[in-house]
Each structure stands twice: as C-alpha cells, then as structure tokens.
Amino acid sequence: MTAFAILPDIAISVMIVIGATFALIGSWGMVRLPSLMERLHGPTKATTLGLGGMLVGSILFFHLAEGEWALHELLISLFLFVTAPISANMIAKVHLHQLRVKPEGGVLDSIGPAGIPPLPSDQSSWATYEAPAPESAAATSEA
Amino acid sequence: MIQYAVLYGFFCLALALCLNLWRLLKGPSFGDRIVAMDTMVINAIAVIVLIGISTASATYYEAALLLAMVGFIGTVAYCKFLLRGDIVE
C-alpha cells in the first residue's frame with residue numbers, strides 16, 4: 001500500500017528532474033556550440049522539451065496532489081511547441097540576412113564548421129530584404 | 001521528494017539562466033543575442049511553473065501563458081526589425 005502511495009510523488013519528481021535537466025542541457029549547448037546555426041539547436045529542441053516535461057510534471061502534480069485537472073499547462077505547451085519552430089526560422093533568416101548584408105565583420109566568427117549556407121539556385125538568393133538596385137524603378141521613383 | 005525535485009529544478013534553471021545571460025552579453029552577432037533572449041523567456045516560464053508547483057497554487061499559470069505569448073511576439077519583433085528595418089510595415 002505504501003509503495004503505491006509513493007508512486008505519484010515519484011512520477012512528478014521524475015518529470016520535474018527530466019525537464020530541468022533538459023532545460024540546462026539546452027542552455028549549455030547554446031553556450032558551447034560554435035556558431036549561430038548550431039546554437040539554434042539547443043534552445044529550440046532541448047529547452048522546449050525540458051519545459052514540456054516540467055509542464056507534464058505540473059499537470060500530474062495538480063491532478064494527483066490536488067485532485068483537479070488543470071489544462072492551462074496543456075495550453076502553454078501547445079503554444080510553445082507551435083511557436084518554437086517559427087522563432088527558430090526567423091532567427092535563421094536573420095543570420096542569412098546578416099551574412100548577406102555584411103559578409104565580413106562582426107558575424108564572421110560565427111559562421112562555424114558548416115560554412116555559409118549555399119544559395120537556393122544560381123539565379124536567386126535568399127528571400128531577405130535588400131536595398132533596390134540603383135537604376136531600378138523602385139530606387140529612382142519619388143516616394 | 002517533490003521538494004527536492006523542485007529544489008534541483010530551481011538550481012538547474014538558475015544555472016541555465018546564467019548561461020543564457022553569458023551568451024546574451026557576449027554575442028557576438030545580433031542573432032545570438034535574440035536566441036539568448038528567447039531561451040531566457042522559456043527558462044523564466046519554467047521557473048514560474050516550478051514556483052506554481054512549490055506553492056501548490058494555480059495562480060501562476062496565467063503569468064506563464066502571458067509570458068509565453070509576449071516572449072514569442074518579442075522574438076518575432078526583433079527578427080522583423082533586423083530583417084526589414086521596421087516592425088509594422
């Protein structure tokens with residue numbers, strides 16, 4: 001009987017410990033990895049998974065210790081799992097944009113072992129902002 | 001047992017926030033600082049969730065949800081500003 005009484009505590013504690021460890025691993029990866037494209041992996045995967053584990057622990061805690069289902073946590077984890085890839089995509093695009101705007105300078109030490117990402121094709125470039133060419137209609141028209 | 005797990009969680013998250021702050025101060029590029037801010041927001045949400053568990057109160061989840069939304073919007077706004085030179089076009 002006592003062995004079953006302690007099972008909820010064990011489950012909650014394990015989820016919290018796993019979540020906190022993954023959050024720490026994600027932040028450590030962000031410090032340790034050599035360039036921005038690699039540094040994105042730590043926060044977007046490990047830290048999101050860690051927060052998800054902690055939220056599962058919180059759901060279990062409020063169900064097993066308080067006897068009520070709290071669905072706020074599910075909402076938070078759903079929102080985070082939807083938004084984490086979007087912010088990672090935006091940050092990667094910022095990196096490509098900075099590489100294109102000033103290829104030499106402050107960002108050069110963060111290119112990393114993988115090098116600069118290749119262009120999508122010979123005729124095109126990455127879809128980031130650039131100033132219009134000097135002779136084009138967009139540049140010469142009066143605003 | 002839950003108290004010790006929560007203590008361990010607080011310790012790990014404090015260490016993670018210190019590592020994020022180091023990356024935020026060191027850079028070197030704007031993207032690194034944006035990643036550091038984004039991760040700091042996620043770790044702060046985790047701290048709020050842990051505070052909710054340790055005090056056994058459900059009051060904190062609205063704060064965590066709000067921080068999740070505002071943090072995402074902040075990250076996207078920083079990225080938009082660097083990409084386009086403006087946030088609302």
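In chain A, contacts between residues at least 6 apart in sequence include 63% that join residues at least 24 apart. Two residues are in contact if their C-beta atoms, placed from the backbone, lie within 7 Å. For chain B, 43% of the contacts between residues at least 6 apart join residues at least 24 apart. The model is predicted: local features need pLDDT of at least 70, side-chain atom pairs count only at pLDDT 80 or more, and totals for chains, interfaces and linings use all residues. Residues are numbered from 1 along each chain as its sequence is written, while chains are lettered from A and ligands numbered from 1 in the order in which they are written.

Chain A holds six helices and zero strands. Helices (H or I, at least four residues) and strands (E, at least two) are DSSP runs, numbered from the N terminus. The order of elements from the N terminus is α-α-α-α-α-α. Of the 143 residues in chain A, 34% are buried. A residue is buried if 20 or more other C-beta atoms lie within 10 Å of its own, exposed if 12 or fewer, and partly exposed in between, with C-beta atoms placed from the backbone.

Helix 4 of chain A has 24 residues. Its first and last C-alpha atoms lie 34 Å apart, close to the 34 Å expected at 1.5 Å a residue. The expected span is 1.5 Å times one less than the number of residues. Of the 24 residues of helix 4 of chain A, 17 are buried, so this helix is largely enclosed by the rest of the structure.

Two packed helices are described by the angle between their axes and the distance between the axes. Helix 4 (residues 41-64) and helix 5 (residues 72-101) of chain A pack at an angle of about 175 degrees, and their axes are 9 Å apart. Axes are lines fitted to C-alpha atoms, for helices over the stretch in contact, and angles run from 0 to 180 degrees between N-to-C directions. Helix 4 and helix 5 of chain A are therefore roughly antiparallel to each other. Angles under 35 degrees count as roughly parallel, over 145 as roughly antiparallel, 65 to 115 as roughly perpendicular and the rest as oblique.

On the helix 4 side of this contact in chain A are T44(A), T48(A), L51(A), G52(A), L55(A), S58(A) and I59(A). Their partners in helix 5 of chain A include E73(A), L74(A), I76(A), S77(A), L80(A) and F81(A). By class, the contact of helix 4 with helix 5 of chain A has ten nonpolar, five polar and one charged residues. Ala, Val, Leu, Ile, Met, Phe, Trp, Tyr, Cys and Pro count as nonpolar, Asp, Glu, Lys and Arg as charged, and the others, Gly among them, as polar.

Chain B has three helices and zero strands, in the pattern α-α-α along the sequence. The radius of gyration of chain B is 15 Å, well over the 12 Å that the globule rule gives for 89 residues, so chain B is more spread out than a compact globule. The radius is taken over C-alpha atoms, and the rule is 2.2 Å times the number of residues to the power 0.38. The C-alpha trace of chain B spans about 50 × 30 × 10 Å along its principal axes. Buried residues account for 43% of the 89 in chain B.

Helix 2 of chain B covers residues 30-55, 26 residues in total. It reaches 38 Å from first C-alpha to last, close to the 38 Å expected. Helix 2 of chain B is mostly covered, with 19 of its 26 residues buried.

The loop between helix 2 and helix 3 of chain B contains A56(B). This residue comes just after helix 2 of chain B. A56(B) is not a glycine, yet has a positive phi of about 55 degrees. Most residues other than glycine have a negative phi. A56(B) is exposed, with 11 other C-beta atoms within 10 Å.

F10(B) lies in helix 1 of chain B. F10(B) counts as partly exposed, with 16 C-beta neighbours inside 10 Å. F10(B) and C79(B) are 69 residues apart in sequence and 30 Å apart in space, C-alpha to C-alpha. G74(B), in helix 3 of chain B, is partly exposed, with 15 other C-beta atoms within 10 Å.

Between the chains, 47 residues of chain B are in contact with 52 residues of chain A. Helix 2 of chain B gives the most to the side of chain B that touches chain A, with 16 residues. That side divides into 34 nonpolar, nine polar and four charged residues.
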